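Here are some questions and answers for a first look at this structure.

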Amino acid sequence: MISAACKTLRLGAYEIKGLWLAPMAGYTDIAFRTLAREYGAAFTVTEMVSVRGLVRGNRATERLLLTSPLEVPSCVQLFGNSPDEFYRAAKMLDCDVIDINMGCPMPKIYKNGDGSALLDSPELAGDLVRAAIDGSGKPVTVKTRLGRRMGETTADALIEQVEKAGASAVTLHGRYAEQRYTGQSDVAVCREISRRHSIPIIYNGDVAADAKDSFDGFAAVAVGRAALSDIGIFSGVCANAYDVALRHMRLLERHFDDRYVVAQARKFFVHYFKNTRGGRALRSAVNAAASPAEIYDILLRERNSTDAE
Ligand SMILES: Cc1cc2nc3c(=O)[nH]c(=O)nc-3n(C[C@H](O)[C@H](O)[C@H](O)COP(=O)(O)O)c2cc1C
């Protein structure tokens with residue numbers, strides 16, 4: 001079981017042991033993070049939130065900042081590149097831990113000097129960590145990649161600076177930003193980097209339940225995409241797709257309006273019912289559904305008919 005590779009990790013007053021859920025914009029909202037915690041995730045992080053949006057009081061960021069009582073500690077991920085904005089945004093947050101995105105490869109992010117652009121500005125990266133700690137007094141973690149350009153492993157310089165600035169841990173995705181999500185995440189290069197630094201490194205990239213790699217040399221492991229189709233990965237126990245979908249619907253409804261619930265159900269059910277019998281028909285029925293009530297009906301009807309077989 002992969003979670004056995006995770007050591008006890010200290011973030012401020014909190015002790016964390018087990019698999020982490022990696023942040024994924026558009027997916028890891030409060031509903032999915034609660035579900036992941038219920039299924040055994042040891043640490044969860046919000047979708048990335050703009051420091052500028054936060055300090056300007058942008059209403060759209062409110063939904064992103066919601067955290068669940070199950071998230072102990074709770075963690076909000078911020079992105080931006082201005083120490084002053086990081087200081088002010090960090091002061092406003094009431095989560096337990098702050099994570100800073102230094103790995104996002106999307107052009108609209110790095111062209112602004114945010115996300116993976118910080119891999120080319122390690123000193124600024126350190127200043128952002130310092131500003132977030134000064135503004136919040138909370139543990140600050142960083143999420144990054146190997147470097148911006150293939151083969152140029154600038155993560156070392158970034159890790160050195162953020163550690164010096166007082167960061168508590170670094171999540172390292174074993175790809176270069178220019179690869180985006182192509183190729184393989186390189187666990188061996190991540191391990192070499194981890195050995196060169198004393199700050200705890202959390203490995204991330206392509207981890208699935210059938211992982212053959214050893215995760216020795218890391219403080220913990222963070223799982224992203226594999227958790228969308230296999231929430232049981234956190235506890236090592238296979239989860240029933242209908243149970244997961246029904247519970248996810250309840251959690252979505254608790255926090256969001258019908259439109260958002262329906263949109264998320266359509267998005268997630270592609271993963272939940274990818275390999276189940278009758279999954280394709282279920283997904284097309286859900287795509288045609290206009291309300292959460294219709295989606296419940298479809299799920300219950302399909303579950304009963306599979307139970308009866
Ligand atoms: C749809 C999607 C959205 C993502 N959004 C974020 C994000 O907001 N912040 C972040 O640090 N990483 C983000 N990532 C990167 C993931 O956290 C993770 O590093 C990457 O998917 C590799 O891990 P995996 O192979 O386990 O998925 C995102 C990835 C995906 C696929």
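Q: How many residues in the shell around the ligand are nonpolar, polar and charged?
A: In this predicted model, 22 residues stand around the ligand. Ala-22, Met-24, Met-48, Gly-224 and Arg-225 come nearest. By class, the shell has four charged, eight polar and 10 nonpolar residues.

Q: Which residue in β11 does Trp-20 stand opposite?
A: Strand β3 covers residues 20-21 and strand β11 covers residues 220-223. The two pair in the parallel sense over two bridges. In β11, the residue opposite Trp-20 is Ala-222.

Q: Is α6 roughly parallel or roughly antiparallel to α7?
A: The axes of helix α6 (residues 122-136) and helix α7 (residues 155-164) come within 8 Å and cross at roughly 30°. Angles under 35 degrees count as roughly parallel. Therefore α6 is, relative to α7, roughly parallel.

Q: How many nonpolar, polar and charged residues make up the contact of α6 with α7?
A: From α6, the residues that meet α7 are Pro-122, Glu-123, Ala-125, Gly-126 and Val-129. Their counterparts in α7 are Ala-157, Leu-158, Gln-161, Val-162 and Lys-164. By class, this contact has two charged, two polar and six nonpolar residues.

Definitions and conventions
Residues numbered from 1 in each chain as written. Predicted model: local features only at pLDDT ≥ 70, side-chain atom pairs only at ≥ 80, totals over all residues. Near = placed C-beta within 6 Å. Nonpolar A, V, L, I, M, F, W, Y, C, P; charged D, E, K, R; others polar. Axes fitted to C-alpha atoms, helices over the stretch in contact; angles between N-to-C directions. Helix = DSSP H or I, 4+ residues; strand = E, 2+ residues; numbered from the N terminus. Parallel < 35°, antiparallel > 145°, perpendicular 65-115°, else oblique. Contact = placed C-beta atoms within 7 Å. Pairing = 2+ DSSP bridges.
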